Amino acid sequence: MPLSRPGQAARRLAVVALLLAAAVGCGDAGGLEGAGSTPTAQGPARLWPELTPASSPAFEIGEVNTEVVKGVEVPGDDIRRVDPVGIVRAEIARHPGEYDGGRAPYRDTKRRMAECAKGPGHGTCPVLKPYYRDLTGDGRDDLTLGFPLLPGKTTAVRVYTVEKHRLVQVMAWEDALSGVELAGRSLVIRSPSEVAGYEYRLQWTWDRDQRAMLLTHDEMLRTGPRKHSRHPSASASPTAAPSLSPSAAPSSSPSAAPSLSGSGSASVSGG
C-alpha cells in the first residue's frame, strides 16, 4: 500500500534523525569537505551580430495546420459520435492523387478501407484505434487518430476538435513511428533516427491563440547505452541535439515538456 503524503514526510524525518545519530556516534567533527573543482560558468556568446535578422522563414513547414473536415457531421457536437473510418474516408476523398490508381503512393490504404466494416482497430482495417482526451482545454474530448500510409512504412497522425458544430483538424503529421503518447494536453511522437542510439522526439501542444496544436519541441535524444571513454571530459558526453528538420516556432503559451514514463497517458480513453 503506497504511503500517504504525511507518511512520506514522517519517514523522511526518521531517516534524517538516524543519519544525524550515526554521524555523532562516529565522531564526525562536522567540518566542510571539498566537492572538487566545478566548471566555469559560461554565458551565451552571440555569433555574427552584424547579420541582419531575418524577417520571414526560409522554409514552409506548416506550423499552423488546421482545416475544416467537409462532409463529416458531428451529432450533438460530440466528437465521440463521429465515425473515425468516415474521417479517414473523407481525407482520402480530398486527396485522390495520393490514394487513387496503381501508382498512387498510398494506394493500399484506400484498398484496405473496404475492410473496415467492423470499425477501426479490427482485422486489417488500416484505421487504428481512436483515442479521446481534452487537449484544447475546453472541457470536451478531442480525437487523436492514426492510419498507416500503405504500402510504405509511415503512419499518419491527426488530431481533431469541434468548433462551431464543425469537425476541425488541428494537427497533422506523417512519419515512421516508434511510439505515440498523450501527456497532459500534448501529443508526443517518437521516431527512429539514422543515428544509432538516438531517436527523434516531437511534441505538439495546443495553442489557444493559433487555435491549433503547435510543434513546441523538436529534439534528438539518446536511447541506447553511452559509450565510455578512457579519458572522459566535460565536452565528451553528448547532449540533446536539435532535430535535423527546420525548427518550428514555439508556442505562445509555453508549457513544460511532459513525462514520457507512461503516467501522462493513464487517463487516455479509447473508442
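What share of the 271 residues in the chain is buried? In this predicted model, local features need pLDDT of at least 70 and side-chain atom pairs count only at pLDDT 80 or more, while totals for chains, interfaces and linings use all residues. Residues are numbered from 1 along each chain as its sequence is written, and side-chain values use heavy atoms, leaving out hydrogens and water. Buried residues come to 31% of the chain, where buried means under 20% relative accessible area, exposed over 50%, and partly exposed in between (1.4 Å probe, protein chains only).

The chain has four helices and 11 strands, which are DSSP runs numbered from the N terminus (helices: H or I, at least four residues; strands: E, at least two). Of the contacts (heavy atoms within 4.5 Å) between residues at least 6 apart in sequence, 47% join residues at least 24 apart.

Turning to the aromatic rings, the structure holds two aromatic pairs. One of them is tilted and joins tyrosine 99 and tyrosine 106, with 5.6 Å centre to centre and 55° between the planes. Rings of Phe, Tyr and Trp (its six-membered ring) pair if their centres lie within 6.5 Å; planes under 30 degrees apart count as stacked, over 60 as edge-to-face and the rest as tilted. Tyrosine 99 counts as buried because its relative accessibility is 2%, whereas tyrosine 106 is partly exposed because its relative accessible area is 22%.

Leucine 51 lies in the loop between helix H1 (5-25) and strand E1 (67-68). With a relative accessibility of 53%, leucine 51 therefore counts as exposed.
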